[in-house]
Each structure stands twice: as C-alpha cells, then as structure tokens.
Amino acid sequence: MTQDPGLASWLQLTLTPGLGAAALRGLLKQFGLPQEILARKRAELASLTPAAALDALYSEAVRSAVAHALEWSRQPGHHVVTLADESYPGALLEIPDPPALLYAIGRLELLQRPAFAIVGSRNATAQGESNAESFAQALSNAGLVIVSGLAVGIDAAAHRGGLAGAASTIAVLGTGVDVIYPRRNAELARAVAGRGLLLSEFPLGSNPTAHNFPRRNRLISGLARGCLVVEAALASGSLITARAAADQGREVFAIPGSIHSPLSKGCHALIKSGAKLVESAEDVLSELAGFRPSGYASTTAAEAGSNARDTALLAHMGHDPVDVDSLCLRAGMSAEQVSSELLRLELAGQVAALPGGLYQRLEKGQRR
C-alpha cells in the first residue's frame, strides 16, 4: 500500500506505553495530527499526557517498535490504517471510541462495504454452527460482509459462511494481527487473510489477554449494521458484543432455541430486552434500513435439514438435544433399539453425540 508520510508519527504515539486511547484522543483534539503533537514541547503535552508516557515517547523501545511496524506494513497484503486515511472504515467513526490505528491483512476494500456481525458461543452445538454458517452465507450472498471474532464455534462457522458467499468476511482479533488465536483456527485465518480481511487495533505481537476481547467486541459491532447472536449462555461474551451493538445504535437480532438449553438463555434474554427474533436471513434483511440486498437464497433454521433422509427416530428427535431415555418414551422403543438406531444415524452423519449423553439431529451443511 502507499504509506502515509505521517504513519511513523501515528505509530510512535500508539506504540508508546502508558499513552492510552483517551489521552491520545485528547492530544489529537488539542494539537491536531501526530506530527504536530510530536513537534510540541514536553511542557505543552504534560497536561494531557501521563509522565511515564512522556518518558517513553522517544525511547529506544518505541523507536524499535515503530521500525518493526513500518517494515511489516511494506509486506504484500499488509496494511496500517490511521484515522486520517481514506480507507479508515466510516462505520467506526460513528462509535464513541474509534481506534486511532488499525492493522490489517487482506482485502482492505472490505472496510468500505456494508457489513453484518454474527457471534455466539465457543461451545456451540452442531445445529448452532449450521445455523451460523447458513445465515452467514445467505447474508454474504446478499451483499453483507460478515464480521466476527475468529473464536471457535459460532464465530468460525460465521467466517466459513461469509467466505462461501459473495461478500466475504472480516475477522476482528483480540491479539496482534500477526498472532492467531486460537491456534486451531490457523487454517481458517489463512483463508480469511487470502480472501477476506484480518483486522486488529492491538500492536503487532500482542498476545491474547482477558481485557483485549471486550475491546475487540466493540469493533465487531461497530463495523456492522447489525449483530446476530446465534447461541449464547447468559454469561457469554457474545452478549457484550450485543450490548455494544445496541449502545452504538446497531440492530440486534437473536435466534431462539430450546427453553431447556443453556445456550438459548442468552438469546432469549436479548429477545426479552428488545432484540429481534429471527428465523431466516430474510428476517434480518427486512429490518436493515437503507440496505438493498443483491439476489440471495433465503435460509431458515427450521428448513436447514429438509433434504435429510428422515426416519421414525429422527421424527421423534426434533431439533433440540435429547437423551436416550426421552427417545425411548417418545418412540416407544427399547433402550437397545434406540441406541442401535442412534449409532447407525451417527455413522450416516445424521446425528451427533453431545456431552452428557445427549444426541442432536444434524441439519444441512453440518457434515464436515
């Protein structure tokens, strides 16, 4: 990319330890662009800058970090985007605390396209992952870039769906953009970097820490026109993203589930507090004011498995996790008969065994 001649100044300020986002915004407001801030005398900066940050501002450690970031940004597909760049996403300018600088790998133009966030549990059910992937692909085909956080479970499924659709996907990281977490999603991250966009506000080399992820979540929602929660427990970090979306004036959506499932509790709480209950991508698109979708195939959670071969036992299973004893009662079969049929269905890829002795019917797109 063509580098902003002032990029080194932006990097120097953002990489200075102790100079937080609020202090940096104060300096930008008071003095203007980073070059102008750095041209000021220490006494002029002292009222807005912690003493420790002023001491570190011209340190060797900061100079070395700036040189490393500049060298990194010269590599193909690598980008450092500042608040002053035309490529900075306009959607983030609408939130109260936009990051001064973003690191990115991949297709930078995706930051200028309409986007939609899909988030949910890391411990997702097979049905939840299928729903997330199906919704993401349908919404991507409608022209919405799918934004999520690269976590296992719902996030990963959303990215797969976004990549399978026309508009692609953005993964917002809670680490440096050069640090992939969790490692098991390394292959997915490479696919996103190649056909979508990896994005982070954290300096290169930043490792995962607990406080990074709530900050990351506000960017997931901030980039998007709306946010869909697929599965979430009451204590899920996905609810932080949903609350951030609501605070930022974005639409919040949730897919309902079984009243007995802990992973439905968070979605039901959102719906009770005003989130829109959705069963299809069309439900989402109809609520996004001002967005005109391109052609797409509507995907409903209830219809996702319509082409699966049905059996008498599958008919009794429904779509929620169920144990063997309950199936015996519903189907009028012995435990041995039910267990034998479940094994056959599991081997055929139509049923998944879950923790706790539960089984769940698999829907379209879950056999990977």
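**Cavity, pockets, cores and aromatic pairs in a predicted model**

By class, the residues around the largest cavity comprise 8 nonpolar, 2 polar and no charged residues. The structure, which is a predicted model, holds 1 cavity of 30 Å³ or more, and about 50 Å³ of space lies in the largest cavity. Its lining is formed by Leu 13, Thr 16, Leu 19, Leu 27, Ile 37, Leu 45, Thr 49, Ala 53, Leu 54 and Leu 57.

The volume of the largest pocket is about 590 Å³, and its lining residues divide into 16 nonpolar, 7 polar and 5 charged. The second largest pocket, for its part, contains about 410 Å³ of space and is lined by 22 residues, with Gln 127, Asn 131, Pro 256, Gly 257 and Asp 320 nearest its centre. Helix H7 (126–141) and H12 are the elements that give two or more residues to this second lining, which by class has 9 nonpolar, 10 polar and 3 charged residues.

Helix H12 spans residues 262–272, and within it Leu 263, Ser 264, Gly 266, Cys 267, His 268 and Leu 270 are buried. The cover over these buried residues of H12 includes strand E7 (226–229), helix H11 (238–247) and strand E8 (251–254). After H12 comes Gly 274, which has a positive phi near 120 degrees.

In soluble globular proteins, nonpolar side chains tend to be buried together. In the present model, the largest nonpolar core has 40 residues, of which Leu 11, Tyr 103 and Val 177 touch the most other members. At least two residues of this core are supplied by each of helix H1 (7–14), helix H2 (21–31), helix H3 (34–38), helix H5 (51–56), helix H6 (60–73), strand E2 (101–106), helix H8 (154–164) and helix H9 (186–195). When neighbours within four places in sequence are left aside, the contacts of Leu 11 are with Val 66, Ala 69, Leu 70, Val 80, Leu 101 and Tyr 103. Apart from this core lies another, of 34 residues, which includes Ala 115, Leu 199, Ile 220 and Cys 227.

A search of the whole structure finds 3 aromatic pairs. In one of these, the ring centres of Trp 72 and Tyr 103 are 6.1 Å apart and the ring planes lie at 70 degrees, so the pair is edge-to-face. This pair links distant parts of the chain, with Trp 72 in helix H6 and Tyr 103 in strand E2, 31 residues apart, and both Trp 72 and Tyr 103 are buried. In another pair, the rings of Tyr 181 and Phe 213 have centres 6.0 Å apart and planes at 50 degrees, so the arrangement is tilted. Here too distant parts of the chain are linked, since Tyr 181 lies in the loop between strand E5 (169–172) and H9, whereas Phe 213 lies in helix H10, 32 residues apart. With a relative accessibility of 43%, Tyr 181 counts as partly exposed, whereas Phe 213, at 16%, counts as buried because the cut-off is under 20%.

Definitions and conventions: Residues are numbered from 1 along each chain as its sequence is written. This is a predicted model: local features need pLDDT of at least 70, side-chain atom pairs count only at pLDDT 80 or more; totals for chains, interfaces and linings use all residues. Side-chain values use heavy atoms; hydrogens and water are left out. Buried means under 20% relative accessible area, exposed over 50%, partly exposed in between (1.4 Å probe, protein chains only). Helices (H or I, at least four residues) and strands (E, at least two) are DSSP runs, numbered from the N terminus. Contact means heavy atoms within 4.5 Å. A nonpolar core is a set of buried Ala, Val, Leu, Ile, Met, Phe, Trp, Tyr and Cys residues joined through side-chain atoms within 4.5 Å. On a 1 Å grid over the protein atoms alone, a cavity is a set of points where a 1.4 Å probe fits but cannot get out, and a pocket is an open set with protein on both sides within 12 Å along at least five of seven lines; lining residues have an atom within 4 Å of a point. Grid points are joined across faces, edges and corners, and a volume is the space filled by probe spheres set on the points. Ala, Val, Leu, Ile, Met, Phe, Trp, Tyr, Cys and Pro count as nonpolar, Asp, Glu, Lys and Arg as charged, and the others, Gly among them, as polar. Rings of Phe, Tyr and Trp (its six-membered ring) pair if their centres lie within 6.5 Å; planes under 30 degrees apart count as stacked, over 60 as edge-to-face and the rest as tilted.
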